[in-house]
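Dear colleague,

I am handing over the structure below, and I would be glad if you kept it open while you read the notes that follow.

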Amino acid sequence: MTGSFGLSYYGSYMKRAIELAEKGRGSTSPNPMVGALIIKEDKVVAEGYHEKAGEPHAEINALNNATDDVQGATMIVSLEPCNHHGKTPPCTEAIINAGIGKVIIGMIDPNPKTAGAGIKRLRDAGIKVEYGLLAEQVAKQNEVFIKYITTHKPFVTVKAAISLDGKIAGSPNTATAITGEAARASVHELRNESDVIMVGIGTVLADDPLLTTRLDRDGTKNPTRVILDSEARLPLDSKIANTANEVRTIVATTTAAPKKNVQKLKSRGIEVLEIDSWNGKVDTELLLEELANRELSSVLVEGGGKLIGSFVKAGLVDKYLVFIAPKIIGEQGVDFVGGNLDSMKELKVRYVGKIGEDIFVQAYPKA
């Protein structure tokens, strides 16, 4: 029987739980992605995953999907079951009431207020619990949630499409198509996974972008659009202003912004955040705190160079996703990272691949 095997026996089942969890990417924020399955006599009798924030968790969906009696069965779940009342009841109680005999957990809940509480509750009820199986994979999958729940700040990803010589545009205040179609399509996948897409007012004035998710399938979402605009200059005839009633839009400005401009933006259905300034610009750290207060756990910074540079200089970037096109623009182009840095920033490259004719690099700041 399965109960006689060591933790490593359940590795393939935990991999499946992680695969199931991935189905919730882009839909569970501010919650984590979690997958679960139930096995009895070495047979999978149920699978489930957390599909959407506010809806049943993975464990509940697995129990509801069971094709056999689960009394005495083993549940494999990628993240520790919750033991508190939130938008849904505690999963631990449902597991206990169902008569599950053993629970194998990938990773302990990273929330410092609740970590280990679910395990304790299950063990107090006489259920055997083991944890730590493929925990690193689960942590990587839920890097956004971990940052958000442990620091109360969003996970910040910088996305850039650059030429081989590090330029994001052919010249200031002009739109330039740098990468190919495949890379541009992948950017919409990133938007679909993110809570926020962020640009500076310079990008809006130069490109008049829509900043929405455009994928040819059902079930996609538009991230909240956040524009850093210290003087509240967003044009009322811009695509963003004209679609503010359809897509949540936030303009982050300073307390010194003209009140007339602020009121005009609000009249168009735009949420205006008046943030204290830093050197005359929006204080990005305070802005991130305000976004976290609104349960926005992930931010995709798309530009321009000055905005990216401000995040890099302040040490606020958690991850870099860079698409590099086989093109040379020259010194008239706009730098990927604008402004002067106090010191060189060292990164650790986690992945290098190819998308169409472009190179894709995933990197993280070195600890």
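Both Y10 and Y13 are buried, where buried means under 20% relative accessible area, exposed means over 50%, and partly exposed lies in between, computed with a 1.4 Å probe on protein chains only. Please keep in mind that this is a predicted model, in which local features need pLDDT of at least 70 and side-chain atom pairs count only at pLDDT 80 or more, while totals for chains, interfaces and linings use all residues. Residues are numbered from 1 along each chain as its sequence is written, and side-chain values use heavy atoms, with hydrogens and water left out.

Aromatic rings

Rings of Phe, Tyr and Trp (its six-membered ring) pair if their centres lie within 6.5 Å, and planes under 30 degrees apart count as stacked, over 60 as edge-to-face and the rest as tilted. By this rule there are five aromatic pairs, one of which is the tilted pair of Y10 and Y13, with 6.5 Å from centre to centre and 45° between the planes. Ring pairs also link Y9, Y10 and Y13 into a cluster. Y351 and F360 form a tilted pair as well, at 6.1 Å centre to centre and with 55° between the planes; Y351 counts as partly exposed because its relative accessibility is 44%, whereas F360 is buried because its relative accessible area is 13%.

Nonpolar cores

In soluble globular proteins, nonpolar side chains tend to be buried together. A nonpolar core is here a set of buried Ala, Val, Leu, Ile, Met, Phe, Trp, Tyr and Cys residues joined through side-chain atoms within 4.5 Å. The largest such core has 35 residues, and those with the most contacts inside it are I38, M75, I76, I100 and V103. Among the elements that give two or more residues to this core are α1 (11-22), β1 (35-40) and β2 (43-49), the helices (H or I, at least four residues) and strands (E, at least two) being DSSP runs numbered from the N terminus. The element that gives the most to this core is α1, with five residues. Leaving aside neighbours within four places in sequence, I100 is in contact (heavy atoms within 4.5 Å) with I38, L63, V70, G72, A73, M75, I95 and I127. Another core, of 31 residues, lies apart from it and includes L273, V282, V301 and I324.

An open sheet of nine strands has the order β11-β10-β9-β8-β14-β6-β15-β18-β17, with mixed pairing, and two strands pair if DSSP finds at least two bridges between them. Its edge strands are β11 (271-275) and β17 (347-355), each of which pairs on one side only. Strands β6 (residues 155-163) and β15 (residues 319-325) run parallel and are joined by seven bridges, and K159 stands opposite L321 in β15.

Q362 lies in strand β18 (residues 358-365) and is buried because its relative accessible area is 14%. Although Q362 and K319 are 43 residues apart along the chain, their C-alpha atoms are separated by 7.4 Å.

Backbone details

A cis peptide bond, with omega of about 10°, joins S29 and P30, and P30 is found in the loop between α1 and β1. The peptide bond from G303 to G304 is also cis, with omega near 5°. E41 is not a glycine, yet has a positive phi of about 55°; E41 is exposed because its relative accessible area is 59%.

With best wishes
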